[in-house]
Amino acid sequence: DECGVGCDVATRDGTTPLHWAVKESRRAAAAFLLDRGAALGALNAFGCNAGQWAAQSGDVGLAKWLQRRGLDLTLLNHNRHSLLHKAALKGHSAMLEWLLTHARLGADHLQPDLDGNRPSNLAADNGHADAAAIARAAEQQADQRILQRQQQQQHEQQQHSPTAAAAGDTRA
């Protein structure tokens, strides 16, 4: 193809040239690869796409650019890492803020990975106090919304259950 050796030739773990370009915040290289047929949504062996590499790089502008090109930023990899986990791990507070407010990553993306780590844990464990605080606040808000939703569902189920209907039936 036009890249000479194939725009999607990957390493053993499936990491593509696009992943490497994004990891290194090389937007011109990423554009070159995409313009020549590289797969925007390619996954490596761990289930990561270019968005997770952008989150680790901390390059918000590049993440926005990838999103505008159609990249799915909501992906959870095989370990259930979201872009929030990746940004937190590297202490990229601005990326966390953007992902939470503009990319609209929410409760599903703040949950523990398969090792039990939430984004705030990864940030704190790696000495990134500011990123940990941002992630922790978002996790607490998400947990509160989940709890409220569960309570609402329980209330609705109680209102519509036969027992509740019978208890409320005062016709005698």
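User: Let's take buried as under 20% relative accessible area, exposed as over 50% and partly exposed as in between (1.4 Å probe, protein chains only). Where does that put Glu24: buried, exposed or partly exposed?

Analyst: Glu24 is partly exposed, because its relative accessible area is 41%. Before we go on, this is a predicted model, so local features need pLDDT of at least 70 and side-chain atom pairs count only at pLDDT 80 or more, while totals for chains, interfaces and linings use all residues. Residues are numbered from 1 along each chain as its sequence is written, and side-chain values use heavy atoms, with hydrogens and water left out.

User: Thanks! What does Glu24 form a salt bridge with?

Analyst: The partner is Lys23, with the closest N and O atoms 3.1 Å apart. A salt bridge here is a side-chain nitrogen of Lys or Arg within 4 Å of a carboxyl oxygen of Asp or Glu. Lys23 is partly exposed too, at 34%.

User: How many salt bridges are there by that rule?

Analyst: The count comes to three. Another one joins the side chains of Arg69 and Asp35, at 3.3 Å from N to O. Arg69 sits in the loop between H4 and H5 and Asp35 in helix H2, so this pair ties together parts 34 residues apart in sequence. Arg69 is partly exposed at 37%, and Asp35 is exposed at 54%.

User: And which side chain does Arg118 meet in a salt bridge?

Analyst: That of Asp143, at 2.8 Å from N to O. Arg118 is in the loop between H6 and H7 and Asp143 is in helix H8, so the bridge links parts 25 residues apart in sequence.

User: Is Arg118 itself buried or exposed?

Analyst: Buried, because its relative accessibility is 15%. Asp143 is partly exposed at 33%.

User: Switching to the inside. How many residues has the largest nonpolar core?

Analyst: It has 40 residues, and those with the most contacts inside it are Leu18, Val22, Leu66, Met95, Trp98 and Leu99. Two or more residues come from each of H1, H2, H3, H4, helix H5 (83–90), H6 and H8. A nonpolar core is a set of buried Ala, Val, Leu, Ile, Met, Phe, Trp, Tyr and Cys residues joined through side-chain atoms within 4.5 Å.

User: What is Leu66 in contact with?

Analyst: Setting aside its neighbours within four places in sequence, Leu66 is in contact (heavy atoms within 4.5 Å) with Val22, Leu40, Ala50, Ala54 and Leu71. Leu66 belongs to helix H4 (residues 60–68), where Val60, Leu62, Ala63 and Trp65 are buried along with it.

User: Which helices cover those buried residues of H4?

Analyst: The cover includes helix H1 (17–23), helix H2 (27–35), helix H3 (50–57) and helix H6 (93–101).

User: What caps the N-terminal end of H4?

Analyst: Asp59 does, with a side-chain oxygen 3.2 Å from the backbone nitrogen of Gly61. Just after H4, Gly70 takes a positive phi of about 105 degrees.

User: Now the rings. How many aromatic pairs are there?

Analyst: One. The ring centres of Trp20 and Trp53 are 6.0 Å apart and their planes are at 35 degrees, so the pair is tilted. The rule pairs rings of Phe, Tyr and Trp (its six-membered ring) with centres within 6.5 Å; planes under 30 degrees apart count as stacked, over 60 as edge-to-face and the rest as tilted. Trp20 counts as partly exposed at 41%, whereas Trp53 is buried at 14%.

User: Last topic, the asparagines. Where does Asn49 lie?

Analyst: In the loop between H2 and H3. Asn49 counts as buried because its relative accessibility is 3%. A polar atom of its side chain lies 3.0 Å from the backbone oxygen of Asp72. Beyond four places in sequence, Asn49 touches residues including His19, Gly41 and Leu75.

User: And where is the place of Asn126?

Analyst: In the loop between helix H7 (119–125) and helix H8 (129–160). Asn126 is partly exposed at 41%, and a polar atom of its side chain lies 2.8 Å from the backbone oxygen of Leu122.

Methods: Helix = DSSP H or I, 4+ residues; strand = E, 2+ residues; numbered from the N terminus. Polar contact = N/O pair within 3.5 Å; in protein donor to acceptor, adjacent residues only side chain to side chain.
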